[in-house]
Amino acid sequence: MINVAQKTDIDPVSLSVFENKLNFISREMGIVMLRSSRSPIFNQSHDFSCYLTDAAGHLISQADGVPIHTGGGGFAVERLIEYWGNDIRDGDVFLLNDPYVAGGNHLPDFTVIMPVFHDGQLLAFACSRAHQVDIGGGVAGTYNPLAREIFQEGIRIPPVKIYDRDEFKHDVVNLVTLNTRFPEMVAADLQSMVGAVKVGGTRIREMADQFGVAEFGNFCVGVLDYAERIVRKEVEAIPDGVYRGRDFMTNDGISKREIDICVEITVEGSDIKVDFTGTSPQIESYKNSSYTNTCSAVYLAFATLLGGRIPLNSGSYRMITVKAPLGSLVNPVAPAPVTFCTHHPTYEIVHACWRAFEDVMPNLVSAGWGKPCHPVTFGRRPDTNELFVMFHMAAQPGGGAMAVRDGFDQIGQLQSLGAITIPNLELYEQIYPVRFLRHEFRCDSAGAGEYRGGAGVEYSVQFLTPTRHNLRGEGVGAQTGFGVVHGTSGARGEVVAQAGDGEIGALEDFGVAELAPGVLTVRSSGGGGWGDPKRRSRELVEADIRAGIISQEVAHAVYGYDG
Amino acid sequence: MRFSIGIDVGGTFTDLSVLDHEAVNDQLKIFKALSTLPDPAVGVFDVLDSAARSLAISVEALLSQTGFLGLGSTVATNVMVEGRGAKVALIATEGFRDSLAIRRGIRQDVWDIGKPHPTELVPRWLRFTLAERIGASGEVIKAPCPADVERLVDDIEAAGVEAVAVCLYNSYLNDTHEAAVAQALRRRLPEIFISVSSELMPVIGEYERTSTAVVNAYVGPKTVHYLRRLCEGLTGRGLPCEPLIMQSNGGLVNVAMLSTAPVRAVLSGPAAGASAALGWAETSNNDNVVFFDMGGTSIDILVTQNKKVGSKAVTDIEGYHMAVPSIDIRTIGTGGGTIARIDKGGLLRVGPDSAGSTPGPVSYRKGGQLPTVTDANLVLGRLGIDTFLSGSMVLDIEGARAAIDARLATPLGIGLEQAALSVVHIANNNMANSLTILAAESGLDLRDYTLVAAGGASGLHVSAVCRMLGMAGIYVPRQASVACSVGMMQSDVLQDQVISVIRPLGEVDIDGLQNAVEDIVARSREQLTRTGLPEDRQSAEAVAELRYVGQVWSIPVPVALPVTCASLAAAAEIFHAQHQELYHHQHPDGPLELVSLQVNSIGKLTKLEWPRREGFSDAAAGPHKNRTAWFEWSRTPVEIDVWKGDDLVPGQTIAGPAVIEEATTSILLDRGDTATVDGFGNYAIKQSKKGSAA
């Protein structure tokens with residue numbers, strides 16, 4: 001008999017049913033949130049995750065969620081247990097967000113956690129982590145490029161009770177929502193999060209009835225051990241060795257300078273050590289990464305290298321040790337600001353891990369995804385003078401190529417693996433005082449390769465009112481979608497603005513720009529290519545020329561096309 | 001007229017149900033023929049031929065006495081699945097020709113990082129643009145220059161395409177530019193299929209509208225050609241009435257109407273299940289049923305709630321999106337052919353891959369090597385070796401035992417039957433878990449729902465699934481395996497149209513909206529009348545999509561016509577209550593937004609009266625035989641009664657554990673289950689609180 005659960009004697013049939021059921025529960029929690037939430041960040045962008053941990057805070061299922069939350073949810077529950085110890089009771093619901101003391105990833109992501117008791121025994125925690133529409137701080141919309149300390153990024157919440165033994169804590173929730181610009185929406189979304197964890201709790205108790213309260217913990221151990229065993233087998237297939245990868249940011253949000261993210265990955269048997277020694281020290285602005293986010297980005301990189309098909313719990317990451325030097329960009333000391341970490345340096349961490357394996361596992365690595373360079377725009381509606389905040393989701397870059405496919409032409413960002421979808425611009429014209437002029441692929445933006453990178457777009461929008469733009473990307477300063485295995489990099493991005501009939505001026509990808517009514521154009525960056533472009537089939541090169549994705553000149557010069 | 005006919009052309013079989021209104025008993029007869037590709041019309045005439053022979057008349061005599069013929073067509077579906085549609089050109093607004101390819105970045109499974117998007121149905125060099133623009137309020141910002149339009153038609157003519165899709169920016173607000181382009185195309189290229197987004201569905205969203213117009217163009221030429229020819233064939237052989245075609249929305253239309261919008265037939269086949277589900281909801285006296293149609297590779301799920309089947313505004317096939325209202329059909333990836341194996345971590349897994357019908361389960365003797373759910377059922381004595389497809393196929397039980405033993409039981413270190421029980425147990429859990437997710441998405445409390453088994457493979461699993469989920473009961477119709485062809489005879493003619501609004505409820509231009517509704521109703525009335533439906537059989541209803549301001553997901557709520565302040569206020573009340581029921585909270589003071597209003601124009605057809613099962617001997621027969629079967633609740637094998645469906649009479653009850661064998665399906669009654677034969681010969685199954693999950 002195969003020894004399935006080494007520390008327990010659970011049979012493999014029951015364990016299979018148990019593990020599957022957990023994943024359905026976390027998915028069901030996500031559906032409840034998606035359907036009932038108010039803010040577009042939840043329900044349009046799906047920027048949240050629902051997950052379950054065992055009684056000790058080990059992540060036992062995260063079947064639903066944005067990829068950059070991968071594996072990071074357990075940290076919050078562990079901190080919660082440290083804080084509240086024996087004062088965690090049936091009917092309590094907790095809220096937290098702080099990355100330094102509460103296991104959060106960044107302040108905009110609130111985490112709601114409910115301990116699940118049955119017959120007086122603590123079985124599990126049902127959790128929901130979601131990006132709020134606003135958390136106070138220096139600017140509306142949760143991302144403050146001017147923050148130099150976390151205090152300017154928004155309200156910091158250690159693990160607090162928002163329900164104390166089923167009693168709703170109005171005072172605590174009011175304190176939190178009063179510190180945001182949209183208290184009603186935040187309150188409504190918190191309700192939606194509480195709804196989700198309550199559904200999770202009900203389902204966990206049903207499972208305990210089915211599998212036995214006393215056995216529940218053993219099953220959780222079995223689920224985690226199983227995941228560990230599966231992934232260790234995959235890791236064993238990677239040759240032992242020390243592999244190095246690097247990517248960099250081109251600005252710290254204040255000035256142009258290269259900021260390094262370096263990894264040294266040691267594979268030994270089925271163990272992986274990821275060491276960030278050599279990474280730049282923490283910076284003044286909000287592109288530092290909290291330790292939780294750093295770990296999630298590493299897990300995300302490995303999950304994609306392994307084809308994305310690994311169990312959805314923290315057992316899958318037990319063999320990975322992350323060493324992030326304190327005071328570095330990837331494990332900063334408080335009160336460094338960190339809000340932008342789910343974008344940058346997430347791209348850079350994932351890219352660095354991928355690059356480390358370019359030589360040893362070329363068929364599994366992806367070329368770099370183009371980095372976004374579009375701003376966030378603030379303005380006032382001409383009719384009501386009401387403030388609006390607009391994310392230019394349709395100015396996304398192209399994705400990186402892999403050995404099995406071209407990169408995705410314009411696709412949602414890497415931290416979501418494209419899960420955050422691109423809105424219809426007809427809808428945006430109904431919501432914002434804007435008129436779109438263009439949204440089309442950008443010729444010669446895709447990195448060349450046997451498999452080419454994804455094309456970026458040319459995106460032009462006319463603002464009918466004065467606007468202010470928080471420039472916050474990375475795609476302008478360098479080619480960001482690097483090529484692999486002799487593929488070339490995708491084009492760098494460009495951001496230009498024209499007020500009225502005035503001059504067209506190029507903008508950087510950091511800082512703030514004020515614009516009189518006029519046109520903003522983003523030429524988004526392209527994804528990197530995989531493999532030697534000269535090996536790309538003639539038929540595909542001709543199709544790309546005909547489609548206007550690549551020019552004749554590039555076809556000749558880079559692909560060696562002789563037609 | 002003596003006969004009503006429903007025909008469902010499926011991937012493997014063409015099913016026909018014929019209702020003989022003059023027959024004394026056994027009014028409803030069922031026939032199957034193999035589907036024929038590339039010309040499915042051959043299969044249709046084959047199955048008509050079997051029916052006519054069985055009635056001892058000619059096909060001409062059968063058709064000439066037929067007053068209703070409903071047809072489910074998979075032609076459009078097959079075109080999509082096989083990717084063999086027309087060569088299509090697209091006309092888009094200058095600057096916006098790539099929305100089709102960007103496809104909003106939607107990927108089915110984000111973790112499946114190596115999987116590319118489906119191939120573009122229109123390559124970029126066939127995506128033409130026109131300098132024109134409609135603004136966000138429907139105003140003309142730039143009118144198209146007539147010379148540009150003519151040049152565009154020249155280019156398209158030169159490109160040598162079979163169909164053209166037109167989708168211009170903001171055309172859902174003002175269709176004049178699309179109409180001008182369409183007019184020029186139709187005038188100059190009368191042989192080419194023209195598909196216009198605002199004619200099909202004037203809804204907001206350039207991606208979904210473009211994709212709809214393109215899919216319509218892609219499937220159009222083949223679908224229209226096939227349907228016209230089939231209808232000519234049927235009429236030529238005596239059919240006096242116009243055949244009606246099933247649409248994805250579960251309603252019928254005539255061929256002329258469908259020919260302008262063949263995209264509406266892409267999910268034609270399974271959509272007829274909606275009417276069958278509603279019909280059996282009625283015969284079983286349940287307003288709320290979950291229709292569970294299990295075949296070899298998957299289960300199609302449909303839900304009726306308060307005698308209504310849910311619909312979806314946007315649906316997709318093979319990753320291509322269509323904004324036409326469709327019956328809300330969900331698929332669970334477990335079927336009889338689903339494969340069981342031990343995974344790399346040593347756990348027993350069932351699915352998601354399936355042996356399908358080729359090579360099929362090991363027991364089919366068609367070369368399948370891997371044990372499947374069907375093999376496990378056979379080993380457990382739940383499926384008889386000679387009961388498959390009316391006994392025309394004898395199953396290989398020894399092969400099934402050997403495969404389960406070698407590949408599952410031995411590595412797990414457990415007994416053969418224990419391994420087979422485990423396979424069925426995990427498969428049943430997969431089904432129950434998937435139903436739980438579906439219930440969460442639709443806000444259903446499954447305890448209020450009856451599980452209706454359809455398809456050949458459901459009968460062995462519904463008992464366990466129902467018990468696990470605590471559902472209200474089970475209903476297994478005798479015609480379960482040909483549900484869709486029966487459903488065809490239960491359907492009405494239905495036309496729907498959606499009006500995009502997207503305004504806070506308090507700011508809706510009520511008169512303007514009511515005018516738009518009246519326009520749609522008037523147009524539909526004309527078409528329904530042309531279909532031969534008098535005005536007293538016509539009706540219209542409206543459904544509003546409402547949400548709290550800021551939400552993205554809306555809830556469909558009926559609105560009384562005409563649209564007035566009061567009818568919208570009444571809809572708002574229903575919305576708050578529904579939101580409470582679905583999501584356990586509401587905001588009675590929260591501002592609402594009206595997303596859209598769907599107008600359904602219905603032409604009532606004469607409904608099929610379910611034939612009662614009468615005229616049979618009322619002397620109840622005993623069980624047909626005994627068989628050894630295995631259950632989780634017994635360590636030892638259990639001798640169970642096996643009943644023949646044809647022997648049973650209305651009112652008879654059978655207690656589990658037992659198996660009832662019908663011609664094309666087997667029904668497992670577990671311990672604690674009691675089946676009662678109803679007046680239609682169908683089985684209503686109740687479960688005692690005790691009993692056991694299998």
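**Close-up views of a predicted two-chain model**

**View 1. A β-α-β unit in chain A.** Strand β10(A), helix α7 (residues 291-305) of chain A and strand β11(A) together make a right-handed β-α-β unit, where right-handed says that, with the strands pointing away from the viewer, the path from the first strand over the helix to the second runs clockwise. The helices (H or I, at least four residues) and strands (E, at least two) named in these legends are DSSP runs, numbered from the N terminus. The whole structure is a predicted model, in which local features need pLDDT of at least 70 and side-chain atom pairs count only at pLDDT 80 or more, while totals for chains, interfaces and linings use all residues. Residues are numbered from 1 along each chain as its sequence is written, and chains are lettered from A, and ligands numbered from 1, in the order in which they are written.

**View 2. The partners of strand β10(A).** Two strands are said to pair if DSSP finds at least two bridges between them. Strand β9 (residues 256-268) of chain A pairs with β10(A) in the antiparallel sense over five bridges, and here A:I265 stands opposite A:V274 of β10(A). These two strands form a hairpin with two residues between them, and A:G269 in the turn has a positive phi of about 65 degrees. With strand β11 (residues 320-323) of chain A, by contrast, β10(A) pairs in the parallel sense over four bridges, and A:K323 in β11(A) is the bridge partner of A:D275.

View 3. A residue counts as buried if 20 or more other C-beta atoms lie within 10 Å of its own, as exposed if 12 or fewer do, and as partly exposed in between, with the C-beta atoms placed from the backbone.

**View 4. The two domains of chain A.** Chain A is divided into domain 1 (12-229) and domain 2 (366-563), with bounds that come from an automatic or database domain assignment. The centres of these two domains of chain A, taken over C-alpha atoms, are separated by 34 Å. Between them, 11 residues of domain 1 of chain A are in contact with 12 residues of domain 2 of chain A, a contact being a pair of residues whose C-beta atoms, placed from the backbone, lie within 7 Å. On the side of domain 1 of chain A that touches domain 2 of chain A, the residues divide into six nonpolar, four polar and one charged; in this grouping Ala, Val, Leu, Ile, Met, Phe, Trp, Tyr, Cys and Pro count as nonpolar, Asp, Glu, Lys and Arg as charged, and the others, Gly among them, as polar.

**View 5. Where chain B meets chain A.** In this view, 57 residues of chain B are in contact with 64 residues of chain A. Several elements of chain B each supply at least two residues of the side that touches chain A, among them α4 (99-102), α8 (206-236) and α13 (397-412). The helix α14(B) gives the most to this side of chain B, with 10 residues. By class, the side of chain B that touches chain A has 26 nonpolar, 21 polar and 10 charged residues.

**View 6. The surroundings of B:R104.** B:R104 lies in the loop between α4 and β6 (127-130) of chain B, and it counts as buried because it has 21 C-beta neighbours inside 10 Å. Leaving out residues up to four places away in sequence, B:R104 touches A:T421, A:I422 and B:Y207. B:R104 and B:E208 are 104 residues apart in sequence, while their C-alpha atoms are 9.2 Å apart in space.

**View 7. The surroundings of B:C241.** B:C241 has its place in the loop between α8 and β11 (244-246) of chain B, and it counts as partly exposed because it has 15 C-beta neighbours inside 10 Å. When residues up to four places away in sequence are not counted, B:C241 touches B:T66, B:G67, B:F68 and B:L69. B:C241 and B:L69 are 172 residues apart in sequence and, C-alpha to C-alpha, 7.7 Å apart in space.

Conventions:
Contact = placed C-beta atoms within 7 Å.
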